[in-house]
Amino acid sequence: MAWIVLVLSGLLETAWAVALDRSAGFSRPVPTAVFAVTLIGSMAGLAYALREIPVGTGYAVWVGIGAVGTALVGMLALHEPANLPRIACLLLVVAGVVGLKIFH
């Protein structure tokens, strides 16, 4: 269960990062509210998962999911560059996250 919560928390990290960008420095109420709610949910899920998963592994997986998810949203929805070197780097992050899970 801790791993499922950790993955969901990583996805919420993606949501709060995108909402933070869309809040325009907290000047837009809806994205600001989405940011706050998803940030709290993400942190709560991480805290829950760390009851069973070592902090180094859990935090690295959480950040990796959030970073890859945010970069993918940027490339797919926000018109950020999606070139081969960037995609290769994201695949390396995914490989690291999978490796941490496998060798946990």
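Modeller: Arg86 is partly exposed, with a relative accessible area of 31%. Here buried means under 20% relative accessible area, exposed means over 50%, and partly exposed lies in between (1.4 Å probe, protein chains only). The model is predicted: local features need pLDDT of at least 70, side-chain atom pairs count only at pLDDT 80 or more, and totals for chains, interfaces and linings use all residues. Residues are numbered from 1 along each chain as its sequence is written, and side-chain values use heavy atoms, with hydrogens and water left out.

Arg86 forms a salt bridge with Glu80. Their closest N and O atoms are 3.8 Å apart. A salt bridge needs a side-chain nitrogen of Lys or Arg within 4 Å of a carboxyl oxygen of Asp or Glu. Glu80 is partly exposed, because its relative accessibility is 35%.

How many salt bridges does a search of the whole structure find? Two. Besides Glu80 with Arg86, Asp21 pairs with Arg22 at 3.8 Å, N to O. Asp21 has a relative accessible area of 47% and is partly exposed. Arg22 counts as partly exposed too, at 36%.

Now the records. An unreviewed UniProt entry lists residues 33-50, 59-78 and 84-103 under "transmembrane region". Such positions are given in the numbering used here, feature names are shortened, and annotations may be inferred rather than shown by experiment. In the model, residues 84-103 are 95% helix and 0% strand. The end C-alpha atoms of that span are 28 Å apart. Residues 59-78 are likewise 95% helix and 0% strand. Their end C-alpha atoms lie 26 Å apart. Helices here are DSSP runs (H or I, at least four residues), as are strands (E, at least two), numbered from the N terminus.

Next, helix α1, residues 2-22. Thr14 sits in helix α1. Thr14 is buried, because its relative accessibility is 8%. A polar atom of the Thr14 side chain lies 3.3 Å from the backbone oxygen of Gly66. That is a polar contact: a pair of N or O atoms within 3.5 Å, where within protein one must be able to donate a hydrogen and the other to accept it, and residues adjacent in sequence count only if both atoms are side-chain atoms. Leaving aside neighbours within four places in sequence, Thr14 is in contact with Ile65, Gly66, Gly69, Thr70 and Val73. Contact means heavy atoms within 4.5 Å.

Ile4 is also in helix α1. Buried or exposed? Ile4 is exposed, at 53% relative accessible area. Helix α1 gives the largest share of the patch, four residues.

The loop between α1 and α2 comes next. Ala24 is found there. Ala24 has a positive phi of about 50° although it is not a glycine. It is partly exposed, at 44%. Phe26 is found in this loop as well. Phe26 is not a glycine either, yet has a positive phi of about 65°. Its relative accessible area is 49%, so Phe26 counts as partly exposed.

Helix α2 spans residues 29-49 and holds Gly41. Gly41 is partly exposed, at 26%. Apart from neighbours within four places in sequence, Gly41 is in contact with Ser9 and Leu12.

Last, Ile53, in the loop between α2 and α3 (55-77). Ile53 is buried, because its relative accessibility is 3%. Not counting residues up to four places away in sequence, Ile53 touches Ala2, Trp3, Leu6, Gly58 and His104. C-alpha to C-alpha, Ile53 and Thr14 are 21 Å apart in space and 39 residues apart in sequence.
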